[in-house]
Amino acid sequence: MASRITCEVADGAPVTVLRLAGTLDLTTTREAYGVLDRCLSAQPDALVVDLSGLRVEDPLAVSVFAAAARRAAGWPVVPMVLCAPGPTADSLTDSTACRVVPMRGSCDEATRVAGASAVPRLRVRLEPVAAACRRARELVVDACARWNLPEAVGPASVVLSELVGNVVRHAGTPMQVTVTLRRPWLHLAVVDGSSTPARPGRSGHRDEGGRGLLLVRELTDRWGSAPAGDGKAVWATLPAN
């Protein structure tokens, strides 16, 4: 019988703990990644992945945790720490891929490390109406005032307004807008209910619209579109000077 992965999530502030149990091999890595992805998509401030109940059958399979950590770094910007006692820790230590993910031997210690790395966020839920763009700009102004980032107000306001406007024009669903500070970057993200990936348009010289994501690309260091639940997240990263 194929081995399976079970999970238990303990939501806490500011750290969420995900406990994985079962057998990890090349068959169950997709299942494990799916569990990690769902947990990260909820945008906790920080995440501890407790592997004390996990048995590693194939050393190559532990790279799933490095893949999840790389995904979390772009969006949803969630610091991730592994709790891996005993033999599981040996498998992770031997993996070059997993050396980029912080690891501790106890859940308490991992939670302390994750809590110290938790990132500040501001969130707002918006409806797909024209006033949503104005509310997004107000969120940027509030965030930059709290975090003393006056030079980021202008470009971040334009970028987030374009991301929200893209949802209003194309997805037409309620959205969650998040501004996150993880120095040296300011991260902007909009999660909507449409699974259609966001792509830059191909506007002609005389077209009045269709250039929003092209503008986002020019004003940001990085941007991207990623699945999030039944919809997608469109995110962008700017310097937090």
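A residue is called buried when its relative accessible area is under 20%, exposed when that area is over 50%, and partly exposed in between, with a 1.4 Å probe and protein chains only. This is a predicted model, in which local features need pLDDT of at least 70 and side-chain atom pairs count only at pLDDT 80 or more, while totals for chains, interfaces and linings use all residues. Residues are numbered from 1 along each chain as its sequence is written, and side-chain values use heavy atoms, with hydrogens and water left out.

**Overall fold**

- The protein has 7 helices and 10 strands; these are DSSP runs numbered from the N terminus, with helices being H or I of at least four residues and strands being E of at least two.
- Its radius of gyration is 19 Å, close to the 18 Å given by the globule rule for 241 residues, so the protein is as compact as a globular protein of that length. The radius is taken over C-alpha atoms, and the rule is 2.2 Å times the number of residues to the power 0.38.
- Along the principal axes, the C-alpha atoms of the protein fill a box of roughly 60 × 40 × 30 Å.
- Of the 241 residues in the protein, 48% are buried.
- Taking contacts (heavy atoms within 4.5 Å) between residues at least 6 apart in sequence, 67% join residues at least 24 apart.

**Surface and charge**

- The accessible surface of the protein is about 11900 Å², and carbon and sulfur atoms account for 51% of that. Areas come from the Shrake-Rupley method with a 1.4 Å probe; for residues, only the protein chains shown count as cover.
- The protein has 27 positive and 24 negative charges, whose mean positions are 5 Å apart. Lys and Arg count as positive, Asp and Glu as negative, and His and the chain ends are not counted; the charge is placed at NZ of Lys, CZ of Arg, CG of Asp or CD of Glu.

**Cysteines**

- With a disulfide taken as a pair of cysteine sulfur atoms within 2.5 Å, the count is 0.
- Cys83 is in no disulfide, and the nearest cysteine sulfur, in Cys107, is 4.8 Å away. Cys83 is buried, at a relative accessible area of 3%.
- For Cys39, the closest cysteine sulfur is that of Cys7 at 8.1 Å, too far for a bond. Cys39 has 8% relative accessibility and counts as buried.

**Backbone geometry**

- The Trp75 to Pro76 peptide bond is cis, with omega near 15 degrees, and Pro76 is in the loop between α2 (63-74) and β4 (80-83).
- Val77 lies in the loop between α2 and β4. Although Val77 is not a glycine, its phi is positive, at about 60 degrees, and the residue is buried with a relative accessible area of 3%.
- Arg183 and Pro184 are joined by a cis peptide bond with omega of about 15 degrees; Pro184 is in the loop between β7 (175-182) and β8 (185-192).
- Asn148, in the loop between α5 (131-146) and α6 (153-171), has a positive phi near 55 degrees and is a residue other than glycine. Asn148 is exposed, with a relative accessible area of 61%.

**Ala118**

- Ala118 is in the loop between α4 (107-117) and β6 (121-126) and is partly exposed, with a relative accessible area of 25%.
- Leaving out residues up to four places away in sequence, Ala118 touches Pro14, Asp45, Ala46 and Pro79.
- Ala118 and Ala13 are 105 residues apart in sequence, and their C-alpha atoms are 9.7 Å apart in space.
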